[in-house]
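Biologist: I have a model open and would like to go through it with you. Could we begin once it is on the screen?

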Amino acid sequence: MQQEENGMAEMVRAAHPGEVAILDGIAGIAAGFDLILCDVWGVLHDGVHAHRAAGEALTRFRAQPGERPRRVVLLSNAPRPGSAVQAQLDGFGVPRSAYDAIVTSGDLTRRLLAERAGAPVHHLGPDRDLPIFDGLDLARSGPDEAAHVVVTGLLDDETETAADYRARLEPWAGRGVTLICANPDLVVERGERLIPCAGAIAALYEEMGGRVVYAGKPHVPVYEAALATAEALDGGAPLPRDRVLAIGDAIRTDVAGARAFGIAALLVARGIHAEELGVAAGAPLGDIAHWLEAQAVHPDGVIDLLRW
């Protein structure tokens, strides 16, 4: 079978020179990719409801013929193991036919904690994130004894902001405590609201001189883990990076992470940037060139919602 042209070239050709491609769906570029690394929150669901067209698009992608199976690995900054994310997706009605595997920042956080076995660890975040510690041989501690602090989120993300944690962070910064950020997102979409995440606390801690280790996007290790997961599904056969597409709704994490890893990026506009792009109220995707010019990194393509 003749080698299919890589999807990045197809996407770039869909746009005018110097512009980002605006796509109505992924059907026209699907043949150029063997693997999609897809964000979850903001792409497959909004924290309240599933985006059914997105699940259908990924299901159809996986069904496409090719030299190797088409794979989808969900790549999430959720501060929980992939198994917990799958249970949440089931609850939203996201079909399991849409993906092959899930890799989360929670999974990478667990690896980091396993490497630090024996050192006292304190958890900063809501109880719903406690599964991140399940089965690990850890010395859990109070805040004053901690050598490492795992931040998974705000205790009350409906009313608090990162600034509310400054006094709590100051002693750790003074003692040189390492903060492990289990969710590098600054905000996440919940219905029509943007809710602060652990990344906002981590950013404040760095501003205060503290040391932070990030477990998820946009940092390369989570992409390496996702690619290795996909390759393992096919017996370890290497997957060229020009055959990999990242899909997400955040410039800072999804697009920047794809750029750092050397893969194509498709930005979903009707996510956390919807208000900035003027599509929050269901308006059509219009001229976004000026907004894109102001960004530090740029996607290869933009789509309002993920669909086939």
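Biologist: Which residues touch the most other members in the largest nonpolar core?

Modeller: Leu35, Leu37, Val73, Val103 and Ile263 do, in a core of 43 residues. A nonpolar core here is a set of buried Ala, Val, Leu, Ile, Met, Phe, Trp, Tyr and Cys residues joined through side-chain atoms within 4.5 Å. Buried means under 20% relative accessible area, exposed means over 50%, and partly exposed lies in between, with a 1.4 Å probe and protein chains only. Please note that this is a predicted model, in which local features need pLDDT of at least 70 and side-chain atom pairs count only at pLDDT 80 or more, while totals for chains, interfaces and linings use all residues. Residues are numbered from 1 along each chain as its sequence is written, and side-chain values use heavy atoms, with hydrogens and water left out.

Biologist: Which helix gives the largest share of this core?

Modeller: Helix α7, residues 220-233, with six residues. Helices (H or I, at least four residues) and strands (E, at least two) are DSSP runs, numbered from the N terminus. A second, separate core has 33 residues, including Ala50, Val94, Tyr99 and Val268.

Biologist: What is Val103 in contact with, leaving aside its neighbours within four places in sequence?

Modeller: With that exclusion, Val103 is in contact with Val73, Leu74, Leu75, Ser76, Leu108, Val222, Ala225, Ala226 and Thr229. Contact means heavy atoms within 4.5 Å.

Biologist: And Thr229, where is that found?

Modeller: Thr229 is found in helix α7. Thr229 counts as partly exposed because its relative accessibility is 25%. Leaving aside neighbours within four places in sequence, Thr229 is in contact with Ala101 and Val103.

Biologist: Changing topic: what is the strand order in the sheet of seven strands?

Modeller: The order is β1-β14-β13-β12-β2-β3-β4, in an open sheet with parallel pairing. Two strands pair if DSSP finds at least two bridges between them. The edge strands, β1 (21-23) and β4 (101-104), each pair on one side only. Neighbouring strands of this sheet are turned by 25 degrees against each other on average, direction ignored.

Biologist: How many bridges join β1 to β14?

Modeller: Three bridges join β1 to β14 (residues 301-303), and the two strands run parallel. Leu23 has Ile303 in β14 as its bridge partner. Four bridges join β12 to β13, also in parallel, and there Leu245 is partnered by Ala264 in β13.

Biologist: Why is β13 largely enclosed?

Modeller: Five of the five residues of β13 (residues 264-268) are buried, so this strand is largely enclosed by the rest of the structure. Both faces are covered: Ala264, Leu266 and Val268 are buried on one side, and Ala265 and Leu267 on the other.

Biologist: Which strands does helix α8 touch?

Modeller: Helix α8 (residues 251-261) packs on the sheet and touches β12 and β13, its direction making about 160 degrees with that of β13. Helix α3 (residues 82-92) lies across β3 (71-76) and β4, at about 120 degrees to β4. Axes are lines fitted to C-alpha atoms, for helices over the stretch in contact, and angles run from 0 to 180 degrees between N-to-C directions.

Biologist: What about the sheet of five strands, in what order do they come?

Modeller: The order is β6-β5-β7-β8-β11, an open sheet with parallel pairing. Its edge strands are β6 (139-140) and β11 (211-214), each pairing on one side only. Strand β8 (residues 178-181) is joined to β11 by four bridges, and Cys181 has Tyr214 in β11 as its bridge partner. Helix α6 (residues 198-207) lies across β5 (120-124), β7 (148-151), β8 and β11, at about 150 degrees to β11.

Biologist: Which strand stands opposite Val188, and at which residue?

Modeller: Val188 stands opposite Ile195 in β10. Strands β9 (residues 187-190) and β10 (residues 193-196) pair in the antiparallel sense over four bridges. They form a hairpin with two residues between them, and Gly191 in the turn has a positive phi of about 65 degrees.
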